[in-house]
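Have a go at each task before reading its solution.

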Amino acid sequence: MDKKLHLALLFGGNSSEHDVSKRSAHNIYDAMDKSKYDISLFLITKDGVILSNEASHRIFEGENEDDVVAEELPKLDQSNPLANVINLSKVKDIDVFFPIVHGNLGEDGTIQGLLRLMNKPYVGSGILESAMGFDKDITKKMLNLHGIQNTKYELITPFNKDEWNYDKLSKKFGKVIFLKPANQGSSVGIHKVTNEEEYEAGLKDAFRYDYKILAEQAIDGPRELEISILGNENPIASCLGAIKVPEQDAFYTYDNKFVDASQVQFDIPVEVSDKLSKQITDMGLAAYRALGLKGMARIDFLVSKDDEPYLGEVNTLPGFTNISLYPQLWEASGISYTELIDRLIKLAFDEFNRKAKIIHDFKPLS
C-alpha cells in the first residue's frame with residue numbers, strides 16, 4: 001500500500017466568509033478518502049491567527065470558537081514576528097496544503113504567498129492569478145483585454161467619488177445600477193440602486209468592505225448560470241447549472257446562499273440551447289486561461305432575455321458547502337466529491353512540479 005499523503009486543510013480566515021469557509025472545510029474533510037490522506041487542520045481566526053492542529057480540531061468537533069481562541073491566543077509570543085503563523089511549524093512532514101479560505105487573506109493571493117515561501121504544493125491558483133480573480137475590477141480589465149463579454153462598469157474610489165452620482169451613472173447605464181466592492185465575495189456589500197438616495201446609502205455601505213467599488217450596468221431580468229472549471233494548462237468544464245432566487249430578492253444574496261436557501265431553486269444540469277451552452281463553456285474556459293488560473297474555479301454568468309451571456313465573476317476558491325454549486329456541477333458531470341478532491345490534489349502537485357523546473361540563475365557580483 002502506498003504511503004498516505006499528509007494534507008493540511010486551512011480554513012476560516014479574516015473575512016466576512018469565515019463561517020462559510022468552516023462549512024466548506026467540514027464537507028471536504030468528510031468527503032476525503034481517509035485511506036489516502038492523513039489530515040491536519042489549521043483554523044485561521046477572525047483576526048488572522050493560525051491556530052494549532054489540536055485547537056483547530058476542537059473547534060471542528062463543535063467547541064465554541066471564541067472560547068478556544070481566547071484560550072489559545074495568550075500562548076503565542078507576540079514579540080515573535082511569526083506569531084500569527086507559528087503553529088504551522090508544529091506539525092511535521094506536510095506534503096500538500098488545501099486552502100479553503102474564502103475571501104480576504106485566502107482568495108486574494110495572501111495565503112498562496114505564504115505557501116510559496118514555505119515551498120509547499122497547494123490546491124488552487126497562484127499568487128497573481130488569485131489576486132486578479134478576486135479583484136472584480138482587475139478581472140474585468142483582463143476580460144475586456146481578451147474580448148470576453150461582461151457588464152459595463154465604472155470604478156468608484158474615495159478619490160473620484162465626487163465625480164460620480166446616480167444621475168450621471170444612470171444616463172450611462174440605465175435606471176438600475178449595481179454597486180459591488182471589488183474585493184469581496186458571497187454578495188457581501190452589494191446593492192441594487194434605482195435612485196440617488198439608494199446610491200448614496202449603498203455606496204457608503206460598500207465602502208465599508210473595500211476602497212474600490214464597481215458601479216455596474218444591470219441586465220434586465222437575467223438568468224444566473226454557473227459553470228465549474230477544473231485543471232491547469234488543459235482545463236475542462238462541467239455542465240451548466242442555474243440559480244433562481246425568490247422574486248422579492250434583487251439578486252443572489254448572502255442570506256440566500258448561507259442563511260436560508262429554502263426559497264432558492266437550483267437547476268443542475270440546466271437545459272439551455274446548444275448555442276448558449278457552447279458560448280458559456282467557451283467563455284468560461286477562455287476567462288480561466290486569460291487569468292492563468294490553476295486547479296479550480298466557478299464562473300458565474302448573467303444571461304439576458306435575448307440569450308446574450310455576460311460573464312459576471314470568477315471564484316478561484318469556490319464554496320464546498322452543502323449547497324455550493326462547484327462540487328454539485330461536477331457531481332452532475334460524472335465526477336464524485338471524493339474524486340474531485342483527489343483530482344485537485346494531483347493538480348496541486350502537477351503545478352508545483354512544473355514551477356520547480358523554472359531556473360533561477362544567481363550570478364554573484366564581483
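**Exercise 1: strand pairing**

Strand β10 (residues 265-267) and β9 pair in the antiparallel sense over three bridges. Strands here are DSSP runs of E of at least two residues, helices are runs of H or I of at least four, and both are numbered from the N terminus. Two strands count as paired if DSSP finds at least two bridges between them. This is a predicted model, in which local features need pLDDT of at least 70 and side-chain atom pairs count only at pLDDT 80 or more, while totals for chains, interfaces and linings use all residues. Residues are numbered from 1 along each chain as its sequence is written, and side-chain values use heavy atoms, with hydrogens and water left out.

Task: find the bridge partner of A242 in β10, then trace how β8 is joined to β9.

Solution: 
1. A242 has D267 as its bridge partner in β10.
2. Strand β8 (residues 223-231) runs antiparallel to β9 (residues 236-244), and six bridges join them.
3. Within that pair, E224 stands opposite I243 of β9.
4. The link from β8 to β9 is a hairpin of four residues.

**Exercise 2: the faces of a helix**

Task: work out which residues of α3 are buried and which elements they pack against.

Solution: 
1. Take buried as under 20% relative accessible area, exposed as over 50% and partly exposed as in between (1.4 Å probe, protein chains only).
2. In α3 (residues 65-72), the buried residues are E65, V68, V69 and E72.
3. Looking down the axis of α3, these residues fall within an arc of 100°, so they line one face of the helix. The arc is that of the directions from the helix axis to the C-beta atoms.
4. D67 and A70 are exposed on the face turned away from the buried side.
5. The buried residues pack against α1 (18-31), β2 (37-44) and α2 (53-60), with contact meaning heavy atoms within 4.5 Å.

**Exercise 3: the largest core**

Solution: 
1. A nonpolar core is a set of buried Ala, Val, Leu, Ile, Met, Phe, Trp, Tyr and Cys residues joined through side-chain atoms within 4.5 Å.
2. The largest one has 35 residues, of which L9, I28, F98, F320 and L344 touch the most other members.
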